[in-house]
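Good morning, everyone, and thank you for letting me take a few minutes of the meeting. Please have a look at the chain on the screen, and I will walk you through it slowly.

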Amino acid sequence: MMVYPEESLWALSQLPSLYDDSDYGVNVVEALQEFWQMKQERGADLKNGALVIYESVPSTSQPYVCFVTLPGGSCFGSFQNCPTKAEARRSAAKIALMNSVFNEHPSRRISDDFIEKAVAEARSSFKPESIQPQDDEDGGPDTGIGAFRFMLESNKGRTMLEFQELMTVFQLLHWNGSLKAMRERQCSRQEVVAHYSNRSLDDDMRTQMALDWIARDHEQPGSVGRELACAERELETARLAGRELRFPKEKKDILVLAHMQISKGGAANP
């Protein structure tokens, strides 16, 4: 589950008229790229540049699926039944463009109210039995939820799309159990946030998390397969609903890597 407050605002695909192709008098793929280039020219802090990245899911038959990752790290996917790869790309670009425009609204900037809602969503995003009392942000200075709150407070004023990659990193660290391990090593939340604020969500990070899941599967055989099945269902449900996808997609990609290496009987490689 994502940790966005006011999630209904993200589920824009619930407004079918907004996605009627006849409503678009421009090439939405080009328009999306131009939008982010304009943001960069106007001073937006895009550390990885303004390039919009598309990823088509390999398939020999329809419906075709395409994902698009925006410069700030947010990811969206084609939500329609697309008969061609080109249409899947346009479908992904449509919802990404609409969210990019909506992201300019003041309500999408990280504020005190936004932080309270995000922390509440984060706490409810994990199974109750997986959260111990000390995992609550009020349970200690160096908890997982506490680190998440500190990270948000350190990024007040930024918009969610600009902040998405860093947010996804911490969602993955919480999901993967890494934040708990860091707490056990007496790492402060400031140290954790400072370290990961300067790291990109890249193949090295995915590989390390895949190795963690491989080790977990050795202790509990079948755990990767079960978690992967859940991640695939979560991603598909979120994609068809038109929701932001970076966290569920990264989970699936990490688990696919782990599952492939378990099947081969080896360690993960980038």
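Predicted model: local features only at pLDDT ≥ 70, side-chain atom pairs only at ≥ 80, totals over all residues.

Residues are numbered from 1 along each chain as its sequence is written, and side-chain values use heavy atoms, with hydrogens and water left out.

How confident is the predictor? The pLDDT is the predictor's confidence in each residue, on a scale from 0 to 100, and the protein chain averages 81, with 81% of the residues scoring at least 70. Among the named elements, confidence is lowest in helix α4, residues 144-153, at a mean of 77, and highest in β2, at 97. Over residues 1-24 the pLDDT is below 50, and this stretch has 70 contacts in the model beyond near neighbours in sequence, where a contact means heavy atoms within 4.5 Å. Residues 127-142 also have a pLDDT below 50, and that stretch has 26 contacts beyond near neighbours in sequence. For the protein chain, if we take contacts between residues at least 6 apart in sequence, 65% of them join residues at least 24 apart.

Now to the elements themselves. Helices (H or I, at least four residues) and strands (E, at least two) are DSSP runs, numbered from the N terminus. The protein chain has ten helices and three strands, and along the sequence they follow the pattern α-β-β-β-α-α-α-α-α-α-α-α-α.

Let us turn to the sheet, for which I need one more term: two strands pair if DSSP finds at least two bridges between them. The three strands form an open sheet in the order β1-β2-β3, with antiparallel pairing. Because β1 (53-56) and β3 (75-77) stand at the edges with a single partner strand each, one side of each is left without a neighbour in the sheet. Between β1 and β2 there are four bridges, and in one of these pairings Y54 has V68 in β2 as its bridge partner. The loop between β1 and β2 holds P63, which is joined to Q62 by a cis peptide bond with omega at about 0 degrees. Strand β2, residues 66-69, is then joined to β3 by three bridges, and T69 stands opposite C75 in β3. These two strands form a hairpin with five residues between them, and G73 in the turn has a positive phi of about 110 degrees.

My next topic is the aromatic rings. A pair of aromatic rings is described by the distance of the centres and the angle of the planes. Rings of Phe, Tyr and Trp (its six-membered ring) pair if their centres lie within 6.5 Å, and planes under 30 degrees apart count as stacked, over 60 as edge-to-face and the rest as tilted. The structure holds three aromatic pairs, and one of them is F35 with W36, edge-to-face at 5.9 Å centre to centre and 75 degrees between the planes. Both F35 and W36 are buried.

Where does another of the pairs lie? F170 and Y196 are also edge-to-face, at 6.1 Å centre to centre and 75 degrees between the planes. Since F170 lies in helix α5 (residues 160-176) and Y196 in helix α7 (residues 189-197), the pair ties together parts that are 26 residues apart in sequence. F170 is buried at a relative accessible area of 3%, and Y196 is buried at 10%.

Helix α5 also contains Q171, which counts as buried at 5% relative accessibility.

Is Q186 buried or exposed? Q186 counts as exposed, at 67% relative accessibility, and lies in the loop between α6 (178-184) and α7. Although Q186 is not a glycine, its phi is positive, at about 65 degrees.

Key
Buried < 20%, exposed > 50% of the residue type's maximum accessible area, 1.4 Å probe, protein only.
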